[in-house]
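Please look at the model before reading on.

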Amino acid sequence: MDDKKIILSGIKPSGELTLGSYIGAIKNWVELSDEYECYYMLADMHAITVRQEPAELRRRTLEQLAQYIACGLDPEKNTIFIQSHVPAHAELGWVLSCYTMFGELSRMTQFKDKSAKNEENINAGLFTYPSLMAADILVYQADLVPVGDDQKQHVEICRDIAVRFNGIYGETFKLPEPFIPKAGARIMSLQEPQNKMSKSEQDSGGCICILDKPESILRAFKRAVTDSETEVRYDPKAKPGVSNLMQIYAVCAGKTFAEIEAEFSGKGYGDLKATVGEAVVETLRPIREEAARLLSDKAYLEQIYKNGAERAARAANRTVQKVYKKVGFVGK
Ligand code: TYM
């Protein structure tokens, strides 16, 4: 048990959980949870880098917790917690921000995207976000960080910060590796398949949420944008819409692209869209039902996040104490 390698990952409760975050992240968290010691958090501190309505943030955080468990994350096996309940993240985040360079933060794609979208609120937290995310990971001495493709750059800067710190103070942090799934690392919008499926997406038809009703999922797939050909073939550059549907189907039905091409040879896009829609409905149905059941038991959820925070804090505080000593803070 003690020599198990460590995983940390998290999702911001800044919007409803999407099919993208399920396929790109949570599904893999569940699969990795036997082999690793896992810390999975609800990244509420990261969520406030973009303005949130307080009551909504609270509601979504609890809903997200219920969905983590409904997706198959066993709270006995995994440490599931809310980021703001473990002060070590903010403590180490501050220290690491003093070892993160202005230049490297300026190069972050997510910062550039988000600041372009939130021109009226380009706050310091949005800019130093990667230092806090590095703290999330390094505070548990994580070996592996399972994320979608869009978070790879943040795991890379985390490694750079760790290397820099270790270079000055000697071996302090383990260097984490990103774990990016082979299929489903970047699920695209159903309406604009050249863009990532995103919870912040304005138009609703492009994004599927885990808690969406079957009718609305089927409708969204029916309206999914494809191309002017008729052939079901995997080619993300030339056929982003069809390839995205194939990716989603491959993951939900456990099929290879070759199998899917064979299944739809001689059939039209209408068949493909209906079949993928059904597969997604069946994948999400048990999760939606279990999440609803869990949400009606607030005491159970509270017990999970309280236990989780206690367990997480024990591990995280050790790293913070080590770091405080290394940088020269007087011990208490
Ligand atoms: P967030 O909240 O934007 O996204 C959550 C996770 O879902 C993945 N994801 C996708 N994967 C495939 N296709 C998509 N369309 C898609 N949309 C989202 C993301 O890659 C991510 O894995 N900064 C993080 C949260 C975070 C974190 C951490 C992650 C905070 N601290 C420490 C790992 C380790 C974020 O904004 O993810």
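How far does a polar side-chain atom of D136 lie from a nitrogen atom of the ligand? The distance is 2.7 Å. The model is a predicted one, and the values below are computed from it.

**Ligand site**

The shell around the ligand holds 28 residues, and K12, Y129, D136, D150 and I187 come nearest. For K12, D136 and I187, the table gives the atoms involved and their distances.

| Residue and its atom | Ligand atom | Distance |
|---|---|---|
| K12, polar side-chain atom | oxygen | 2.5 Å |
| D136, polar side-chain atom | nitrogen | 2.7 Å |
| I187, backbone N or O atom | nitrogen | 2.8 Å |

On its own the ligand has 710 Å² of accessible area, and the protein covers 97% of this. Three elements, β1 (6-11), α1 (19-32) and α7 (124-138), each contribute at least two residues to the shell around the ligand. By class, this shell has 13 nonpolar, nine polar and six charged residues.

**Second largest pocket**

The second largest pocket has a volume of about 470 Å³. Two elements give two or more residues to its lining, namely β2 (37-42) and α13 (298-327). Of the lining of this pocket, α13 supplies the most, with six residues. In total, 22 residues line the second largest pocket, and those nearest its centre are I6, E37, Y39, A315 and R318. Sorted by class, the lining is made up of nine charged, eight nonpolar and five polar residues.

**R293 in helix α12**

R293 is part of helix α12, which spans residues 269-295. Is R293 buried or exposed? R293 counts as exposed because its relative accessible area is 52%, and the cut-off for exposed is over 50%. The side chain of R293 makes a polar contact of 2.9 Å with the side chain of E290.

**Summary**

In helix α12, R293 is exposed and its side chain is joined to that of E290 by a polar contact.

Methods: Residues are numbered from 1 along each chain as its sequence is written. This is a predicted model: local features need pLDDT of at least 70, side-chain atom pairs count only at pLDDT 80 or more; totals for chains, interfaces and linings use all residues. Side-chain values use heavy atoms; hydrogens and water are left out. On a 1 Å grid over the protein atoms alone, a cavity is a set of points where a 1.4 Å probe fits but cannot get out, and a pocket is an open set with protein on both sides within 12 Å along at least five of seven lines; lining residues have an atom within 4 Å of a point. Grid points are joined across faces, edges and corners, and a volume is the space filled by probe spheres set on the points. Helices (H or I, at least four residues) and strands (E, at least two) are DSSP runs, numbered from the N terminus. Ala, Val, Leu, Ile, Met, Phe, Trp, Tyr, Cys and Pro count as nonpolar, Asp, Glu, Lys and Arg as charged, and the others, Gly among them, as polar. A residue is near a molecule or strand if one of its heavy atoms lies within 4 Å of it. A polar contact is a pair of N or O atoms within 3.5 Å; within protein, one must be able to donate a hydrogen and the other to accept it, and residues adjacent in sequence count only if both atoms are side-chain atoms. Accessible areas come from the Shrake-Rupley method with a 1.4 Å probe; for residues, only the protein chains shown count as cover. Buried means under 20% relative accessible area, exposed over 50%, partly exposed in between (1.4 Å probe, protein chains only).
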